[in-house]
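Please look over the chains below before reading on.

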Amino acid sequence: MDAVLLDQTRAPVAFGRRAVPQLFEQLQRPESDSRRRALASLCDLMHEPERIYQTVNGGFLEQLKGLLKDKDPTVRKQTCELLHLLSGHNIGRQALLSSSLLPPLSELLDDDSSSCRRNVHQVLNRLALLPAGADALLCLVPKLMMKLKEEEEEEEEEVQVLLLSTLSCCSSLDALPALALDAVSLVRHKLSHSSPNVRREAAAAMMALSVPEDGKRRVCEEAVLPVMVGLLQDTDVKVQANAAGVIMYTAITTPGKLQCLDLDVVPILLDLVSKKKEEEEEDNMERRRRMKALIMYSLRALTALAEAPNGRCLLLEQLPLLERRSEAAEEDEDIRRAAQTAVRVITWTP
Amino acid sequence: MSFASYRLRDPGGTYTFSSRPRAVENRSKAPQPQALRNYGNIMYDRRVVRGNTYTQHVLPTTAQANAAESQRQQELRRRNVTRRRDTSRLKTPDALQGRTHIHVQTDLYLEELSDVVMAADNECQTDAFLDKPATPLFIPAKTGKDVATQIEDGELFDFDREVQPVLEVLVGKTMEQSLLEVMEEEELACLRAQQRAFQELRNNELAEVQRLQEQERRRSEEKRRRVAQQREALQKEKETAEKIAARAYTQQYLADLLPAVFSSLTNHGFFYDSVEKDIETNFFPWLMTEVNSRLERRRTARHLLDSIIHDVAQMRVERFDELETQPEKCDE
């Protein structure tokens, strides 16, 4: 049994159906070294859906609960990585949500080892992508916000990105708990981060937060819009798209409209909408897809702004540009519809 | 022979005999009757001396020839035997025909070991080891033929050919694992992209919905406000109309109020000539009271007069009456 291992970091894997149960039996052993090796082998195996099915149906998840409280930080970190792989598949996610693993996992958020914390954030992020998961994580939102507040400078951007992404997923389901804890000012602080990933996720979180009425009001109060206008001219397309989304939501309310018009946002949006003409010849599906979001949000923002008299005056001058968009030459159905709505709103008379 | 003796294994099964112990059989030169042919139990064998050996009758070596004595001794012995048999004790069986039991004691045959072996002590001690000189190399004489062999490169096994399966397995497993991981990542990326596209559409539509909601709200508010305004305007108009009507009526009513008032007042005597009033209030009562008093005085005077007259008349009457009566007396 203790033959020379080819790879000292991994336990030997049995054949076929026996692999997963045997590795889980090995996890029961008291020596932490063998547990580490077994966990490493399990992480390798868990990329296959059939093994995940076996793990979930064999009821091995309860064992992981004990491992999450292990004394060895490497064991904890690898258990979190295993959970991360499990949550990449739907059965794994469902099993995680229905098992009672979430409380110990949330306790690990305060763990000492930073790599363990990062893995926990990865698990939570993957869980939040599922609506049922976001629902289950809603109770964790206060704790996550506290973590975000604490991690001003010390943590790497990866953890910040994950945290913001989780928060934005939870808030897109229900933004009220986050808003109650003054999330707007917290996220606004992150908008001026140096890394584009953090900015993108912060803008996405802000967009989710500005969906309910309360959020819109807060956004207007806390002077977030000037920052957003700055982000509209960012280099990363996704950041621009998210910023346009925030403006789109905020401009629906009257104070938002007035603020946006004060900030002279209309020319920038028009510029964004029309910029794509040159790039339409580009055959890059990826880029076109990313630009699509930006264009749609900008069009909707313009529509919202056109309901104010000042905005309507400004846009009436630019009407031909938008009409070009709404013609049949535009391939994308959604963009065409959005442009038609904009034109209709602009030319509406009481 | 019974078959039991052929069993080489002990009944307990713990050991085997190569030659199992057997009881000695009764063998005699003359064929014996069947009953005696069985092997004798050692306990009942007359040849074995039984009992204490120090109380047995020991036949001395010189008394062997005396037949009568031996007969007498035999008789004694038989009596002892029968006596002992009555007590059911195991005894040496009687001697067989042609044999006699003889008690023999080896006292006579004892020899004293009196010779002492002369022993001498001798010691020997090895000297300390002396260094042994090196043995000269023993080179045997060369005999036979020399043969040599050498394993050249590539003779034992061909590395390139042998390593192929091992390498295939290693590479295959690595590729399999990495393919799995890449597929998983791709699947997740696809899911994420799909989710993102859906989210964008949803955001779009949500924004549109909210905008329309807001628009609806604004319009309905506007409508409500306008309706309220209109209602207020109507209300005001009605009020003003009423006011105008009321005003016209009052004006008309008040038009001939003034002369009516004046006339009624004058009728009620509110406008009076002060002199006339004064005369009326002050003068006339005085005048009337004066007139009254004058008239009263006159009345009283007349009343007085009347009463005087009445009195006088009464007196005259009385006097006349008196006179009437008197003259009759004083007549003429």
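What follows is a report on chain content, selected residues, salt bridges and charged surface patches.

## Basis of the model

This is a predicted model, in which local features need pLDDT of at least 70 and side-chain atom pairs count only at pLDDT 80 or more, while totals for chains, interfaces and linings use all residues. Residues are numbered from 1 along each chain as its sequence is written, chains are lettered from A and ligands numbered from 1 in the order in which they are written, and side-chain values use heavy atoms, with hydrogens and water left out.

## Chain A as a whole

Chain A has 23 helices and zero strands, where helices (H or I, at least four residues) and strands (E, at least two) are DSSP runs numbered from the N terminus. Of its 350 residues, 56% count as buried; buried means under 20% relative accessible area, exposed over 50%, and partly exposed in between (1.4 Å probe, protein chains only).

With contact meaning heavy atoms within 4.5 Å, 70% of the contacts in chain A between residues at least 6 apart in sequence join residues at least 24 apart.

## Two buried residues of chain A

A:His47 sits in the loop between helix H2 (32-45) and helix H3 (49-57) of chain A, and this residue is buried, with a relative accessible area of 10%. Leaving aside residues up to four places away in sequence, A:His47 touches A:Leu85 and A:His89 as well as B:Gln177, B:Leu180, B:Glu181 and B:Glu184. The C-alpha atoms of A:His47 and A:Leu85 are separated by 6.9 Å, although the two are 38 residues apart along the chain.

A:Asn242, found in helix H17 (residues 237-250) of chain A, counts as buried at 12% relative accessibility. Residues up to four places away in sequence not being counted, A:Asn242 touches A:Arg200, A:Ala203, A:Ala204 and A:Met207.

## Salt bridges

The structure holds 33 salt bridges over all chains, each being a side-chain nitrogen of Lys or Arg within 4 Å of a carboxyl oxygen of Asp or Glu. One of them joins the side chains of A:Lys147 and A:Asp110 (3.3 Å, N to O). A:Lys147 lies in helix H10 (residues 141-150) and A:Asp110 in the loop between helix H7 (102-107) and helix H8 (114-128) of chain A, so the pair ties together parts that are 37 residues apart in sequence. A:Lys147 is buried, with a relative accessible area of 7%, whereas A:Asp110 is partly exposed, at 46%.

In chain B, the side chains of B:Glu222 and B:Arg225 meet in a salt bridge (3.5 Å, N to O), and both lie in helix H3 (residues 159-255), three residues apart, about one turn of the helix. A network of salt bridges links residues of both chains, including A:Lys257, A:Glu307, A:Arg337, B:Glu205 and B:Arg218.

## Charged patches on chain B

B:Glu318, B:Asp321, B:Glu322, B:Glu324 and B:Glu328 form a negative surface patch. Patches are made of residues with over 30% relative accessible area and no salt bridge, like charges being joined within 9 Å and nonpolar side chains (Val, Leu, Ile, Met, Phe, Trp, Tyr) within 5 Å. B:Asp321 lies in helix H5 (residues 274-329) of chain B and is partly exposed, with a relative accessible area of 42%.

A positive surface patch is formed by B:Arg294, B:Arg297, B:Arg298 and B:Arg302. B:Arg294 belongs to helix H5 of chain B and counts as exposed at 52% relative accessibility.

How values were computed. Areas by Shrake-Rupley, 256 points an atom, 1.4 Å probe, with all protein chains shown as cover. Lys, Arg positive; Asp, Glu negative; His and termini not counted. Charge placed at Lys NZ, Arg CZ, Asp CG, Glu CD.
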